[in-house]
Amino acid sequence: MLQQLFFLIVVRPLILIVLGLNVRHRERLPAQGPAILVSNHNSHLDTLVLMTLFPGRFLRILRPVAARDYFFRNRLLAWFALNIIRIIPLERQIADRTQDPLAGCTNALRNGDILILFPEGSRGDPEEMGTFKTGIAHLAKRHPDIPITPVFLHGLGKALPKGEALLVPFFCDVFVGEPLRWNGNKGAFMAMLEHTVTLLAEEGYRPTWE
Amino acid sequence: MYSHLHPPVLYGFGGIVGVLVFASAVVMTLRRLHPERSYTELAQRINSWWIMVGVFSIAILLSRTTSIIFFAFVSFLALKEYFSLIPTRRADRRVLFWAYAAIPIQYYWVHLEWYGMFIIFIPVFLFLFLPMRMVIIGETKDFLRAAGTLHWGLMVMVFSISHAAFFLVLAEEQNPVAGGAGLVLYLIFLTQFNDVAQYVWGKLTGRLKIIPKVSPNKTWEGFLGGLATTTTLAAILAPHLTPLSLPESLCAGVLIGCSGFIGDVTISALKRDIGVKDSGSLLPGHGGILDRIDSLTFTAPLFFHYIYYLHY
């Protein structure tokens, strides 16, 4: 309820009016869960943009996977992350080998949720794509039937890069790729995923920004 | 709700809706006659026209304030499209923020009817303030390019377009037939009509290229045919919407026809420089907002000063 209100009053107007999206191949987005959305990561806005690509009734099954250490820094942020964004907290440093770091993701997929995942692991330098971490490959191997939809985002790192609090409006590109599935090999899967996102990135024109 | 408007303005909107109904009917008939052909782009174009006319009409019909806010929003969308299109510097994020902040301030001067401030705020104060802000940040690489492109954008997308809004606050008694809203309608309708007329004349009869390096599809036949049509219409509409005499309205038609063309090819040159075909994807069938208001960025200030000199 609170989440619906927050998206209706704050997030959607912010994304659609202050920023403005140029979405290509919207029809490739999963029509139902379980599914995984994978995207490059430049800004806190990325998660919100990916969530607004779906109609409001999807909010209850959209689950962004986010770093526990970052979002549980203080109680207010933790409350917001868990109740409004409804993240699945992910342990980035695993001390205990007996624990399954992807248990939360697996449970959510079994519930029919749509996971939102950023394989770069952090926002990094704005508008520069870092290497993808292999957690997504483990997840794909475990759930070989679940479609993994790659998305390329551009412009959000200009609007609100890491370490900045001032939002500056830019039109943002959202290019959705064809869904991928586990292909039997971790290295090959990661190569396919990175290649797909790179191809999506080449679909559009991007002015220099440095 | 319409008490701030004179009857001719309402008839004008009625006429525009009539034109759109006619255009939609033509597309439906074409689809029936040639089911094998695709009219998707034409249909998209007309659908976008319906939405643009709808939003514009509601804004003008509601009140003077909503009309001013409408133009401020058009400036915002255009400036955002421009900043998203051109190379910008990471160091200038805060400078861009101030450029955006200039929009509500510029339109606030319009609301206050403060002509003196309206006419110098961007050309003088912002022109000096933005480079100062850039110097404080201290990045000198590409400084001149950044300062030049930012201010060019502000002049074209905000300063120029805000002239269309200033018609709304001009003294009503100088234009007893239709007031400020009548002048806005006259300007916007003729500018957009001129675009369509030049396009249609060019499609039907165009052979001689007028400016092939910038815009290879533009022809002399399209330009002159559109200009003649627009000038005729300018003379017919002037007594109902403006204080212009017949010779004055003929000159206004030529002014809008010519400057509309120049605005169009100027934005074409910008897009060609950057290497994109459309400025954005906001208006299906048209491209971005900049593709739609390109002519207006030239016609609005020129027609404003033409009529301001003659009658205010």
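This report describes the fold, the surface and some backbone details of chain A.

The model is predicted: local features need pLDDT of at least 70, side-chain atom pairs count only at pLDDT 80 or more, and totals use all residues. Residues are numbered from 1 along each chain as its sequence is written.

**Overall fold**

Chain A has eight helices and seven strands. Helices (H or I, at least four residues) and strands (E, at least two) are DSSP runs, numbered from the N terminus. The radius of gyration of chain A is 16 Å, close to the 17 Å from the globule rule for 210 residues, so chain A is as compact as a globular protein of that length. That radius is taken over C-alpha atoms, and the rule is 2.2 Å times the number of residues to the power 0.38. The C-alpha trace spans about 45 × 40 × 30 Å along its principal axes.

Of the 210 residues, 50% are buried. Buried means under 20% relative accessible area, exposed over 50%, and partly exposed in between (1.4 Å probe, protein chains only).

**Backbone details**

The peptide bond from A:Gly33 to A:Pro34 is cis, with omega near -5 degrees. A:Pro34 sits in the loop between β1 (21-24) and β2 (35-39). A:His25 belongs to the loop between β1 and β2. A:Arg86 is found between α4 (75-85) and β4 (88-90), in a loop. The table gives values for A:His25 and A:Arg86.

| Residue | Phi | Relative accessibility |
|---|---|---|
| A:His25 | near 60 degrees | 23%, partly exposed |
| A:Arg86 | about 60 degrees | 24%, partly exposed |

Phi is positive in A:His25, a residue other than glycine. A:Arg86 is not a glycine either, and has a positive phi.

Note on methods: Chains lettered and ligands numbered in written order. Heavy atoms only, no water.
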